[in-house]
Amino acid sequence: MSDWGYVAMAWSLTTVVLVVYAVWIIVRGRALSRRVPPEDRRWA
Amino acid sequence: MTSQLSANSRPDPATGVDGPTGPTGTGSRTTRILGLITLVGIAIGAYLALVSSPQDENMGDVVRIMYIHVPIVSMAYVGCALTSLGSVVYLWKKSQWWDITAAASAEIAMIFTALTLVIGMIWGRPTWGVWWVWDARLTSTAMLLLLLLGYLAVRRIPADAATRSKRSAIVGLLLFPNVIIVNRSVTWWRSLHQGTTILNTLKPKIHDQMAVTLVVAMVVVALIFAWLLIHRWRLAWLEEQLDAHELDRAIAERRAESAAATGSAS
């Protein structure tokens, strides 16, 4: 594998992991918000 | 007057119920601005790291992996330090805010430490010729990952909130000392891993443009960490609130059942 192959592997993996984690947080946050009263969501 | 009343009693966007309104998730105006700045930073950082910065005379293009590896491990250290700090403050003041901060920070630090190890392996294959070696830096980083997994596992052991927080805070205290061991491992023991490069002010070992790229990458990864931490903190807060509401509901149901049973018996 060329140097650029290793670079692409490292950058792609990092991007995928961070994007998946961020999306999971947002989706789960939206789902839980529906079940928690608005007065307990203090960052409004 | 009528329009004011109708504006105040509009449905909550998250629950659809009339009354006070709240955010629909973990986002807010601040996090949206932070997210936008972070995205711009990612674009600039990627251009500098992948296009603009020069090849390394020894590593060639593989040096471009360093622009994510070094910032990610640095923020993993920050995450561990924050977890230890949160654990100390929780044990001292029983602060729920710091307990949640410690937990949110530990989860992000765990992901960043795992990424550090995998990215390091990808860098090690073309540079050292092997994916893994039981070197002091690599082994101590793997132990740090195990400790973070242990912290998160302790938080999942069924217990009341105070017991869970106290147990995990005790484990959290171990994280920062372990970070010092990981960071100093290349100095204390013979190591294949390179020694101090960036903070070596007496004999700088890095090209100017590479140094600028690395600083930009550090700032960008710090922004990503901050964005994730704020959202993860809010998610953990929602989880705590939901647990508390469900516990209250369960207690009320049991009391009602008990009262009904007592009434029918008499």
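Reader: Let's begin where the chains meet. How many residues does the contact take from chain B and from chain A?

Author: One thing to keep in mind before counting: this is a predicted model. The contact draws 35 residues from chain B and 29 residues from chain A. On the chain B side, α4 (96-128) and α8 (208-265) each supply at least two residues, and α8(B) gives the most, with 10 residues.

Reader: And how many residues of that side of chain B are nonpolar, polar and charged?

Author: The side of chain B that touches chain A divides into 18 nonpolar, 10 polar and seven charged residues.

Reader: Now the fold itself. How many helices and strands are there in chain B?

Author: Chain B has eight helices and zero strands. Buried residues make up 35% of its 266 residues. Another thing to look at is how far apart in sequence the touching residues are. Among contacts in chain B between residues at least 6 apart in sequence, 73% join residues at least 24 apart.

Reader: How do I read a pair of packed helices?

Author: Two packed helices are described by the angle between their axes and the distance between the axes. Take α3 (residues 66-93) and α7 (residues 175-188) of chain B: they pack at an angle of about 150 degrees, with their axes 8 Å apart. That angle makes α3(B) roughly antiparallel to α7(B).

Reader: Which residues make that contact?

Author: From α3(B) come B:Tyr77, B:Cys80, B:Ala81, B:Thr83 and B:Ser84, and from α7(B) come B:Leu175, B:Phe176, B:Val179 and B:Asn183. By class, the contact of α3(B) with α7(B) has six nonpolar, three polar and no charged residues.

Reader: At what angle do α3(B) and α6 (residues 161-172) of chain B pack?

Author: For α3(B) and α6(B) the angle is about 135 degrees, with the axes 8 Å apart. That makes α3(B) oblique to α6(B), and α3(B) passes α6(B) in a left-handed crossing. Here B:Thr83, B:Ser84, B:Gly86, B:Ser87, B:Tyr90 and B:Leu91 in α3(B) meet B:Ser165, B:Ala169 and B:Gly172 in α6(B). The classes in this contact are three nonpolar, six polar and no charged residues.

Reader: Let me pick one residue from that list. Is B:Tyr90 buried or exposed?

Author: To judge this, count the C-beta atoms around the residue; 20 or more others within 10 Å means buried. B:Tyr90 has 24 other C-beta atoms within 10 Å, so it is buried.

Reader: What does B:Tyr90 touch, not counting residues up to four places away in sequence?

Author: Counted that way, B:Tyr90 touches B:Ser95, B:Trp98, B:Asp99, B:Ala102, B:Ser165 and B:Ala169. B:Tyr90 and B:Lys166 are 76 residues apart along the chain, yet their C-alpha atoms are separated by 7.7 Å.

How values were computed
Residues are numbered from 1 along each chain as its sequence is written. Chains are lettered from A and ligands numbered from 1 in the order in which they are written. This is a predicted model: local features need pLDDT of at least 70, side-chain atom pairs count only at pLDDT 80 or more; totals for chains, interfaces and linings use all residues. Two residues are in contact if their C-beta atoms, placed from the backbone, lie within 7 Å. Helices (H or I, at least four residues) and strands (E, at least two) are DSSP runs, numbered from the N terminus. Ala, Val, Leu, Ile, Met, Phe, Trp, Tyr, Cys and Pro count as nonpolar, Asp, Glu, Lys and Arg as charged, and the others, Gly among them, as polar. Axes are lines fitted to C-alpha atoms, for helices over the stretch in contact, and angles run from 0 to 180 degrees between N-to-C directions. Angles under 35 degrees count as roughly parallel, over 145 as roughly antiparallel, 65 to 115 as roughly perpendicular and the rest as oblique. A crossing is left-handed if the near helix is turned anticlockwise from the far one by less than a right angle, and right-handed if clockwise. A residue is buried if 20 or more other C-beta atoms lie within 10 Å of its own, exposed if 12 or fewer, and partly exposed in between; C-beta atoms are placed from the backbone.
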